[in-house]
Amino acid sequence: MKRSLTGAVAVAALALSAAACSDAGSSTDGPIKVGSVNGVTGLFQTPEVPQAVKAVFEEVNKAGGVNGRKIELISKDDAMNPQRSTEAALELLESESVVALVGSSSAVDCGLNRATYGNSGIVSIPAVGVDPACFTSPNIAPVNPGPFKLLTAMLYYASETLKHDKVCMYYTVLPGSGGGIDAAVKEWSDITGKRLAVKDTSVGEGDPTPYLVAAKAAGCQAILYNATVGPWFAQAQTQGLQDVDFIMGANSYTDANAEVIPDGLNVYAGTEWQPYTDETLPGNERWAKIVDENKIQKTAFSQGAVMAADVFVQVLKTIKGDVTRESVTEAFKKMRPIQYPMVGTPWIFGPGEAHSPIQGSRFVKVENRRWKVLPEGFIVPGKN
Amino acid sequence: MVNSVIAGLTGGGVYALLGLCVVLTYRLVAVVNFAMAAVGAMGAFVMVSLMDAGLGVWLALLAGVISGGALSALLGAVLVRWFGDHDERTKAAVTVALYVALMAIGLRLFGSTTTGARRFPRPFDAPAFTVGDVVVPQSVLVSLAFAVLITVGVGMLLNRTSVGLRLQALSERPATAQVVGIAAPRLAVAVWAAIGAISALVILLVAPRLGGDFSTLGKLITTALAVAMVGAFRSLPMTLAGGLLMGCLEGFTASLGAVQQYRGVVPFLVIVVLLWWRSRHEVWDTAHSR
């Protein structure tokens, strides 16, 4: 591990010195080159994301491009492999001379490449920000709330919208995300003055019955849960937890999960964009049209892709003069907030050392093995 | 705490079933089968996929069990035909390779943890009785009964019947068995088929408790091997007890704040200690030769 880290640092240092010599991303004719690092193969698979970003750019290109120049997306698959992710970023920056990164969706990109992006003075607008580094870096601003802002919104929904006093948390924690979870819980406590009745972050694979029995004994009224869906809810039904409200995160918001939740249980999920299962919601018409026309898989991630591409094009159009890496970065740092109907708060890059512009979540509930969108609209902690 | 231990104990039956499958395979065909859970999961997913397509439960169950058996028979045929003369380690390595292949195929065919969750039939889900705060469903009793059936049934088969005698001969001295006229390849493949069918049934029984997607079910082999270790890959009753112990330990660790974080590790630590304790009087070169 130590050896590979040293290797990565050496490669990054080499790349930086190369960057200083080349005039990366400053050509003024030909297409505007944009890059993205996506998990297409491997454990975190989002092949629909680069497809959707390309579809938006195609639409812009058909209408004449931006100031007569077409936009070209160069997507690299990192297969959730740290080495491939580092190489992909360097290749995009050095060989392809991209002016920005738009629509990345990788579980490892932000953490590994944040320094490279910072040193190269390039901005990244990921379609899906996964790890905490996506929300704490000066040159990265995702278009989703991310797991931690979402958690604050889920807690707020449990205590303020559903009005429960005993809110419990049964979570499985990935290495490195424990601090983010603590910060999210603290933010909720600061806003509401409430505390968790139970906080158990040891849920893993195995029989969930002991946890469910403990939750029942502790009198939990709402349970936040983020691990495997099938056995947990099958056993929750057996143990008689029909009067508890279960709240899950966006990662559990899939059609397959709705199918396996037994009747009679109250199961909610917080979503990052307007719930994708209802195409009539504000902002979803545009997304649905793009993915339908291009036969792209309908997922929440493809919503993020369309949004990232849209805000990029919108900011790109404000640039007067040459479109270079420098002018694009400057435009994002000086931009005005964009009201995008698919999310709860306006999106802005802006100056600053950390960016987490999107907050709040809209909630869905399982009814008859389908996700049903709840009428409350976006729940933004401290504002609803 | 008592509630948590009881809650854990209700999961003991399914852990025992997993361990018994491994020990059973080892006793009958002398192979540590790393692909056991993945083969069973294939059978189970054939069943739920057919049910999703509209087939009746019983026909789907039959199809699922037969496909588990057929896949296992195929693996058995490969092992008998091409690796018959090799030692246990090579055979185990072959099953590891098959495990990796099956997991990749399963992920592609049936989806990941979030996209591939399936609804498994839960015919025995009605509450049987309640102990403290814990509702004990009938499925717990069914799992335990099935585990006892395997323990007693296989024990009797091996010790009391002529087929059992031939199987023992085959698993311990395959070459000699063939010399004295036991039709080794055919019998071995038949046994593999039966093991595959039982694995599919076991995975169907454990799925509502331990995982609803292919990769989680396939990975249950680690738990199964840990339980099998308690029985030292030999004793069926000890394996049954090992499963119950595993359940208790999981419940116990879940209830203690101090060790909660290490819930996944504690059962394995205890098993290591148990193995050491069991082998404390053994002399190393005799104890480890079969």
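The following exercises, each with a worked solution, concern a predicted model.

**Exercise 1. Determine whether chain A is as compact as a globular protein of its length.**

Step 1. Begin with the content of the chain: chain A has twelve helices and eleven strands.

Step 2. Compare the radius of gyration with the globule rule. The radius of gyration of chain A is 21 Å, close to the 21 Å that the rule gives for 384 residues, so chain A is as compact as a globular protein of that length.

Step 3. Consider the dimensions. Along the principal axes, the C-alpha atoms of chain A fill a box of roughly 65 × 50 × 35 Å.

Step 4. Consider burial and contacts. Of the 384 residues in chain A, 53% are buried. Among contacts in chain A with a separation of 6 or more, 66% are between residues 24 or more positions apart.

**Exercise 2. State how chain A is divided into domains, and give the distance between their C-alpha centres.**

Step 1. Read the bounds. The domain assignment places residues 2-144 and 280-333 of chain A in domain 1, and residues 147-271 and 361-373 of chain A in domain 2.

Step 2. Give the distance. The C-alpha centres of domain 1 and domain 2 of chain A are 32 Å apart.

**Exercise 3. Identify the elements of chain A with the lowest and the highest mean pLDDT.**

Step 1. Take the chain as a whole: the average pLDDT of chain A is 90, and 92% of the residues score at least 70.

Step 2. Take the elements. Helix H1 (residues 2-21) of chain A has the lowest mean pLDDT, 47, whereas strand S8 (residues 245-248) of chain A has the highest, 98.

**Exercise 4. Explain why helix H11 of chain B is described as largely enclosed.**

Step 1. Count the buried residues. In helix H11 (residues 221-230) of chain B, eight of the ten residues are buried, so the helix is largely enclosed by the rest of the structure. Among them are Ile221(B), Val227(B) and Met229(B).

Step 2. Name the partners. The buried residues of H11(B) pack against several helices of chain B, including H2 (12-29), H5 (88-110) and H13 (266-278).

Step 3. Look beyond the helix. Just after H11(B), Ala232(B) has a positive phi of about 50°.

**Exercise 5. Describe the annotated span 31-51 of chain B in the model.**

Step 1. Consult the record. The unreviewed UniProt entry annotates residues 31-51 of chain B as a "transmembrane region".

Step 2. Describe the span. Residues 31-51 of chain B are 76% helix and 0% strand, with end C-alpha atoms 33 Å apart.

Notes: Residues are numbered from 1 along each chain as its sequence is written. Chains are lettered from A and ligands numbered from 1 in the order in which they are written. This is a predicted model: local features need pLDDT of at least 70, side-chain atom pairs count only at pLDDT 80 or more; totals for chains, interfaces and linings use all residues. UniProt positions are given in the numbering used here, feature names are shortened, and annotations may be inferred rather than shown by experiment. Helices (H or I, at least four residues) and strands (E, at least two) are DSSP runs, numbered from the N terminus. A residue is buried if 20 or more other C-beta atoms lie within 10 Å of its own, exposed if 12 or fewer, and partly exposed in between; C-beta atoms are placed from the backbone. Two residues are in contact if their C-beta atoms, placed from the backbone, lie within 7 Å. Domain bounds come from an automatic or database domain assignment. The radius of gyration is taken over C-alpha atoms; the globule rule is 2.2 Å times the number of residues to the power 0.38. pLDDT is the predictor's confidence in each residue, from 0 to 100.
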